[in-house]
Amino acid sequence: MDKMEKKQTDMEVVQEKAVVSGEVENFWVIPLKTQIRFEGETYDKIDLNGLHDIKAADMVAINRRMSRSGNVDAAQELTLEYALNMANLATGLPLEFFDQLPPYAAMAVKGRVTSFLFGKE
């Protein structure tokens with residue numbers, strides 16, 4: 001492995017893990033600044049590791065659902081709505097949970113989903 005390949009491999013590892021106050025955290029788990037209460041449960045993080053189990057058929061179903069609801073964006077997979085639908089599948093939490101997220105958390109979900117969709121495997 002030459003220097004360029006090693007540097008690229010190191011960059012990929014950094015993308016999947018973040019270091020926060022000396023601890024390595026999973027890139028696919030989004031910590032929430034304040035806990036969210038939803039349907040009697042309290043959440044302090046959103047675990048998107050389930051993204052790895054989503055299939056193309058699931059993505060097509062999201063596109064169809066969004067089209068039926070009036071979303072006609074040319075690149076639906078780049079929208080916040082698409083990202084929240086993907087998070088719904090990945091976590092099993094209802095869309096209503098994601099609809100009530102504060103902006104920072106909603107955009108963190110979008111960032112992780114977009115990274116997942118267009119990142120290197």
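Let me begin with a question: is E39 buried or exposed? E39 is exposed, with a relative accessible area of 66%, where exposed means over 50% relative accessible area, buried means under 20%, and partly exposed is in between, with a 1.4 Å probe and protein chains only. E39 lies in the loop between β3 and β4, and it has a positive phi of about 50 degrees although it is not a glycine. For background, most residues other than glycine have a negative phi.

Before going further, please keep in mind that this is a predicted model, in which local features need pLDDT of at least 70 and side-chain atom pairs count only at pLDDT 80 or more, while totals for chains, interfaces and linings use all residues. Residues are numbered from 1 along each chain as its sequence is written, and side-chain values use heavy atoms, with hydrogens and water left out.

Now the overall layout. The protein chain has five helices and four strands, where helices (H or I, at least four residues) and strands (E, at least two) are DSSP runs, numbered from the N terminus. Read from the N terminus on, the order of the elements is α-β-β-β-β-α-α-α-α. Of the 121 residues in the protein chain, 31% are buried. If we take contact to mean heavy atoms within 4.5 Å, then among the contacts with a separation of 6 or more, 52% come from residues 24 or more positions apart.

Two of the helices can be checked for length, given that the expected span is 1.5 Å times one less than the number of residues. The 13 residues of α2 should span 18 Å, and the end C-alpha atoms of α2 are 19 Å apart, which agrees. Just after α2, G70 takes a positive phi of about 105 degrees. Helix α5, with 16 residues, reaches 22 Å from its first C-alpha to its last, close to the 22 Å expected.

What does the largest nonpolar core contain? A nonpolar core here is a set of buried Ala, Val, Leu, Ile, Met, Phe, Trp, Tyr and Cys residues joined through side-chain atoms within 4.5 Å, and the largest one has 29 residues, with I46, L48, L51, F97, F98, L101 and V109 having the most contacts inside it. At least two residues of this core come from each of β3 (29–38), β4 (41–47), α2 (56–68), α3 (80–91), α4 (95–99) and α5 (103–118). Taking L48 as an example, and leaving aside its neighbours within four places in sequence, we find L48 in contact with W28, I30, A87, A90, T91, V109 and R112.

That brings me to the aromatic rings. Rings of Phe, Tyr and Trp (its six-membered ring) pair if their centres lie within 6.5 Å, and planes under 30 degrees apart count as stacked, over 60 as edge-to-face and the rest as tilted; by this rule the count comes to five aromatic pairs. One of them, W28 with F116, is edge-to-face, at 5.9 Å centre to centre and 85 degrees between the planes. This pair links distant parts of the chain, with W28 in the loop between β2 (23–26) and β3, and F116 in helix α5, 88 residues apart. W28 counts as buried at 7% relative accessibility, and F116 is buried as well, at 15%.

Y43 and F97 also form an edge-to-face pair, at 5.0 Å centre to centre and 65 degrees between the planes. Since Y43 lies in strand β4 and F97 in helix α4, the pair ties together parts that are 54 residues apart in sequence. Both Y43 and F97 are buried, and F38, Y43, F97 and F98 form one aromatic cluster.

Finally, let me turn to the charges that sit over rings, meaning that NZ of Lys or CZ of Arg is within 6 Å of the ring centre and within 35 degrees of the ring normal. The charged end of K33 sits over the ring of Y104, 4.4 Å from its centre, and R112 lies over the face of F27, at 4.8 Å from the ring centre. R112 is found in helix α5 and is buried, with a relative accessible area of 19%.
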